[in-house]
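Hi there,

Here is the structure I promised to pass on to you. Have a look at it first, and then read on for what turned up.

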Amino acid sequence: MDESDSILLVEDNADDIELAMLAFKRHGIADCVNVALDGGEALDFLRGRGRFADRAGAPNPRVILLDIKMPLVNGLELLREIKADQRTRKIPVVVLTSSRDERDVETAYDLGVNGYVAKPAGFSEFVDLIGLLKRYWLEVNESPPDSV
Amino acid sequence: MSPIAPSNERLPPVLAEFDPLAADRPGETKLPWRGFAVVAATVVTVLGAVVLTGWIFGVEQLTRPLSGTSTMKANTALALTLLGAAILLEGLATARSKDGAARRASRFAWLVPILSLTAAAIGLVTVFEYAAAVDFGFDDLIAGSSGAGAATHALRPALPTAVALILLGSALAIDRLNGTTAMRARQLLAFAATCLAYFALLGHIFQAEIVLGAELRTSIALVTAVCLLLIGLAILCTRPFEGWMRIVTIENVGGKVTRRLMPAVALGLPLIALGRVLGTSAGLFDERFGAALAVVLVTLGASVAVARLAVEMNRGHEQCDLTMARRNQTQLLLNGLAEGSSAMIAARDVHGRLLMANGAFERWTGSPREQALGKTLRESLPPELVPRREHSFNHVLETGETVVEEVQVRPGEIVPTVVAETFPVLDGVGRIVAVGAIAADITERRLHEQTVERLNKQLEHETTRAREAIAELEAFGHTVSHDLRSPLRAIDGFSQVLEAEYAVAIDQRGRHFLDRIRSAARDMNGLIGDLLEYSRVGRGELEFTHVDMATIARAANEKLAYEREGRDVRVTIGELPPAFGDERLLGVVFTQLLSNAHKYTRERAVAEITVGAIDPAAGLSATYFVRDNGVGFDMRYSEKLFQAFEKLHHEGTYEGTGVGLATVQRVLRRHDGCIWAQSVPGEGTTMYFQLAREDQPPLSWADHLAEVSSMRRRAVDSDLQSPVAQPGQNEFAK
């Protein structure tokens, strides 16, 4: 089992990626994370195409952390794609965003999201949050059978 | 469902010719004319039958009902019985109530002319016997030769009786013919017979002997004379309201006079004459004096009658004059109304012929009234109007309903437009005798409506645009605030990592700068939060409920517990009347005001914060306040208090974004309420606010937009009025 594919982080902002990686690192799971820079890349990763052609046939990640505000295919559109595809619809998806907009929350749940978490403003709080997510999704939660 | 359900089907209205004299036609008297006819006919029938019985069975007593007078002859008795029966039968057959007896009688109505013609025939044969000086033995048919009289023709009816029978029999037979002329002829014949009988009756009274010859019997028996008189009057009274009889029976002055004078003359003159005869024969006065006396009495009677007639006629005239005067007045008023009105008014008979039209009609149709009167719709209206008007006209005639419609005088053109009402004109018994129409020019109104409609559309369009613009602006602000948070997180994150992982490489001064960076990031985060709150309270619909203000004030105060750490803050929450508003937004108001109160009392050893209401009994129109003993502010700058990003304190003294009070004001505005402040530098500040009353409708989204575009001002109770609240000085007190 390749632990490096446990988490797929979909995030376009370089700062946010780096801070997220710092947080993952503090919890010792930086190696478990794959990053897709936009919705298209995330789909490539899940379907084993393009940059991720070598992943063809690989098991699904145990959780997808998804930002909403992204260029090209945004987070909600990507969510719709994931949940519409037979192969990927069982993967737990958690929206991790700075938007607390009620409409976004509602749309996300309508599309079948498994969790919705707002990014806290302070870095220390963010590190704590990542710890919580790791504990729940990688340790407590029982993943679907075809996951990593 | 069929369009016309049988149960709903209306009977078509009854149409009638317009008859201007109908209202003036006098009615009929309610006197019992027919009743008299029936009684008279019954008496004669019974009397005739009795006499007839007497002749048949040879009971002489019965043949002369008045002893000492001459006998009623057998043939006369038969004829009188027939005539009486005919009158009774006719009366029953023509009775108004069609009960069983009347129906049976009407089945035998054909007997009437047979009976009456038989009576006439008896008279005719008798006259012929006299004229030809023959005897057919006709007179003895009933009585037989064993009769009482042995003299020649002793059993033959008198000649005048025979003539009277011919007249009466023919008169009754005419009944089967219709028409005024026939009726007049019948009444003329009956009247002639009546006169004859009257003459005979008077002869008996005066005991006059008229002997024209031994062969000619001229004297009618007294009973016969009475019977003939009764039959004659009965025939006249059977059809009281037709022919000449109208003169007597009509309910007007003429009828009244006739009904009074005729009997007076018929009874009065014989009485005078009788008096003269009796007086003379008794030797009370001589012939000449008797004549003079009679003339005087007749003159007196005639004078009284003429005077009565004059009075009656004068009264009639006065009545008539009064009626005419009233009618004239009504006519004058109606004319004035019709002519004075700018609406066109017209009436047509049921054939569509114009009966009346006012001046406006003339102006609209462009043709003089005199020419249009009597003309049909087609002939008197502009051709383009004819189809519409004909349709309405026919609808009124067919249904009896009023039609109200807008008519564009020139089809397809708004100018001019009239609203036309077409309605049935009914006579006293509910028949449609005419169709009225009133049409008012509403062109002006139509044009106004068009303008209003256009302006409304424009307004609607502009409102939509304004709404879109505001929504866009709100969304923009929201997005910007969000996007600002992302780099902020990076600043905070990286500076924290720098501090934690490179602590050794950074000296004291470097750490100070790092602190400043992180503090600035925190401030900016607060600012963004406030901006988001400001944006949020302006969006969406409000949820109005009854709100327990004391509870939400306490909840807001508890959220601020962190502000009181290490300080001596005494918060008093007094009696707060409940309000009607959006609970979440009112919570924001208290949170913000209490947060400020905490903030500006930071330098006080003992901070005192009071939440209360000035007039707790005022209920929904209460004024709430939050008072502190903080630093206060100079009232000169109060105008800036509620403007976003305006602060009255130096940066660094009191942290804050300047958005808080603007948010509070926004919430209160959306509640149609207001906020103002009173402050003394160094002593403290009191913030007052009021909410809309319950009976005022809460602000809808559209109202909110209107409010955003133009700030309305509302006066504040004078005793609470601070300089801040004076109109023109501040922007929030509305």
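Predicted model: local features only at pLDDT ≥ 70, side-chain atom pairs only at ≥ 80, totals over all residues.

The axes of helix α5 (residues 111-132) and helix α6 (residues 159-173) of chain B come within 7 Å and cross at roughly 155°. Angles over 145 degrees count as roughly antiparallel, and α5(B) and α6(B) are therefore roughly antiparallel to each other. The crossing of α5(B) past α6(B) is left-handed. Residues that make the contact include B:L117, B:L124 and B:V127 on α5(B), with B:V163, B:I166 and B:L172 among those on α6(B). By type, the contact residues of these helices divide into 17 nonpolar, 5 polar and no charged.

α6(B) is also worth a look by itself. Of its 15 residues, 14 are buried.

Next, find B:A579, which sits in strand β8 (residues 579-582) of chain B. Is B:A579 buried or exposed? With 28 other C-beta atoms within 10 Å, B:A579 is buried. Leaving out residues up to four places away in sequence, B:A579 touches B:V547, B:M549, B:L586, B:L620 and B:L691. B:A622 lies 43 residues from B:A579 in sequence, with 8.4 Å between their C-alpha atoms.

As for chain B overall, its secondary structure comes to 21 helices and 12 strands, and 31% of its 734 residues count as buried. Among contacts with a separation of 6 or more in chain B, 66% join residues 24 or more positions apart.

Enjoy exploring!

Technical notes:
Residues numbered from 1 in each chain as written. Chains lettered and ligands numbered in written order. Buried ≥ 20, exposed ≤ 12 C-beta atoms within 10 Å, placed from the backbone. Helix = DSSP H or I, 4+ residues; strand = E, 2+ residues; numbered from the N terminus. Contact = placed C-beta atoms within 7 Å. Axes fitted to C-alpha atoms, helices over the stretch in contact; angles between N-to-C directions. Parallel < 35°, antiparallel > 145°, perpendicular 65-115°, else oblique. Left-handed = near helix turned anticlockwise from the far one by under 90°. Nonpolar A, V, L, I, M, F, W, Y, C, P; charged D, E, K, R; others polar.
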